[in-house]
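Please give a short report on the structure shown here.

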Amino acid sequence: MSRTRGEANRALYRARILLEAWDRMRTESTHAELALLGGFVPAVRLHLVEAYGWFLLSVSGVDDSLATDLPRSTRDLCGPEAGLARIPEIAEFAQLENSGWLSQLLMDETDESPGNIATLPTGPGQSLLVSDRQPPGYAVVLAWADALAVIMTRMDDSLAEY
């Protein structure tokens, strides 16, 4: 297994650990759901995007990379050499980045709709800025992790056939 694929697996594993902790805390109901969303969504998303970046390098044929700036999308990859077509796996990822679960995963939190913002008074001269925008919930983030794991396995199998 290449180093880049190993790093993709490691990042996916870290996301799974966080998902297990999140699910356990949801079951225990000791914290408000919004607090759990705020704590876990960005962290799990970070690991899944890292896994995706490492996997993009692996699919692109980079077996050993010390990359500090991982690609965040197929647009960050070097294009194919002149006269060569883009490999089907990269083309599939490019399509998923434009619509579907991968586009949602890769969306920056700052790109998401801010929702309706309001100011709630918390005391004399103090207020709290709140939004009704809901980040993706546990089921959505779990579905991202599952979809990424499935596509990584499928593409590994098809690339192994070459």
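Are Trp 22 and Phe 40 buried or exposed? Both Trp 22 and Phe 40 are buried. Buried means under 20% relative accessible area, exposed means over 50%, and partly exposed lies in between (1.4 Å probe, protein chains only).

This is a predicted model, in which local features need pLDDT of at least 70 and side-chain atom pairs count only at pLDDT 80 or more, while totals for chains, interfaces and linings use all residues. Residues are numbered from 1 along each chain as its sequence is written, and side-chain values use heavy atoms, with hydrogens and water left out.

## Overall layout

The chain has five helices and two strands. Helices (H or I, at least four residues) and strands (E, at least two) are DSSP runs, numbered from the N terminus. In sequence order the pattern is α-α-α-α-β-β-α. The chain has 162 residues, and 35% of them count as buried. It exposes about 9,600 Å², with carbon and sulfur atoms supplying 56% of that area. Accessible areas come from the Shrake-Rupley method with a 1.4 Å probe; for residues, only the protein chains shown count as cover.

Contact means heavy atoms within 4.5 Å. Among contacts with a separation of 6 or more, 63% join residues 24 or more positions apart.

## Aromatic pairs and the core

Rings of Phe, Tyr and Trp (its six-membered ring) pair if their centres lie within 6.5 Å; planes under 30 degrees apart count as stacked, over 60 as edge-to-face and the rest as tilted. The count comes to four aromatic pairs. In one of them, the rings of Trp 22 and Phe 40 have centres 5.6 Å apart and planes at 5 degrees, so this pair is stacked. Trp 22 lies in helix 1 and Phe 40 in helix 2 (residues 33-59), so the pair ties together parts that are 18 residues apart in sequence. Phe 55 and Phe 93 form an edge-to-face pair, with 6.1 Å from centre to centre and 90 degrees between the planes. That pair links helix 2, which holds Phe 55, to helix 3 (residues 88-98), which holds Phe 93; the two are 38 residues apart. Phe 55 and Phe 93 are both buried. Ring pairs also join Trp 22, Phe 40 and Tyr 138 into a cluster.

A nonpolar core is a set of buried Ala, Val, Leu, Ile, Met, Phe, Trp, Tyr and Cys residues joined through side-chain atoms within 4.5 Å. The largest such core has 37 residues, and Trp 22, Leu 48, Phe 93 and Leu 148 touch the most other members. Helix 1, helix 2, helix 3, helix 4 (101-106) and helix 5 (138-160) each supply at least two residues. Helix 2 gives the most, with 14 residues.

Beyond its neighbours within four places in sequence, Trp 22 contacts residues including Leu 36, Leu 37, Pro 136 and Val 141.

Which residues of helix 3 are buried? They are Glu 89, Ile 90, Phe 93, Ala 94, Leu 96 and Glu 97. Seen down the helix axis, they fall within an arc of 165 degrees, so they line one face of helix 3. The arc is that of the directions from the helix axis to the C-beta atoms. The face turned away from this buried side carries the exposed residues Pro 88, Gln 95 and Asn 98. Just after helix 3, Gly 100 takes a positive phi of about 105 degrees.

## Salt bridges

A salt bridge is a side-chain nitrogen of Lys or Arg within 4 Å of a carboxyl oxygen of Asp or Glu. The whole structure holds eight salt bridges. Three of them are listed here.

| Salt bridge | N to O distance |
|---|---|
| Asp 156 and Arg 5 | 2.5 Å |
| Glu 50 and Arg 14 | 3.1 Å |
| Arg 75 and Glu 97 | 3.8 Å |

Asp 156 sits in helix 5 and Arg 5 in helix 1, 151 residues apart. Arg 5 is buried, at 8% relative accessible area, whereas Asp 156 is partly exposed at 25%. Arg 5 also contacts other residues, among them Phe 55 and Met 152.

Glu 50 is partly exposed at 22% relative accessibility, and Arg 14 is partly exposed at 27%. Arg 3, Glu 7 and Arg 10 are linked in a network of salt bridges.
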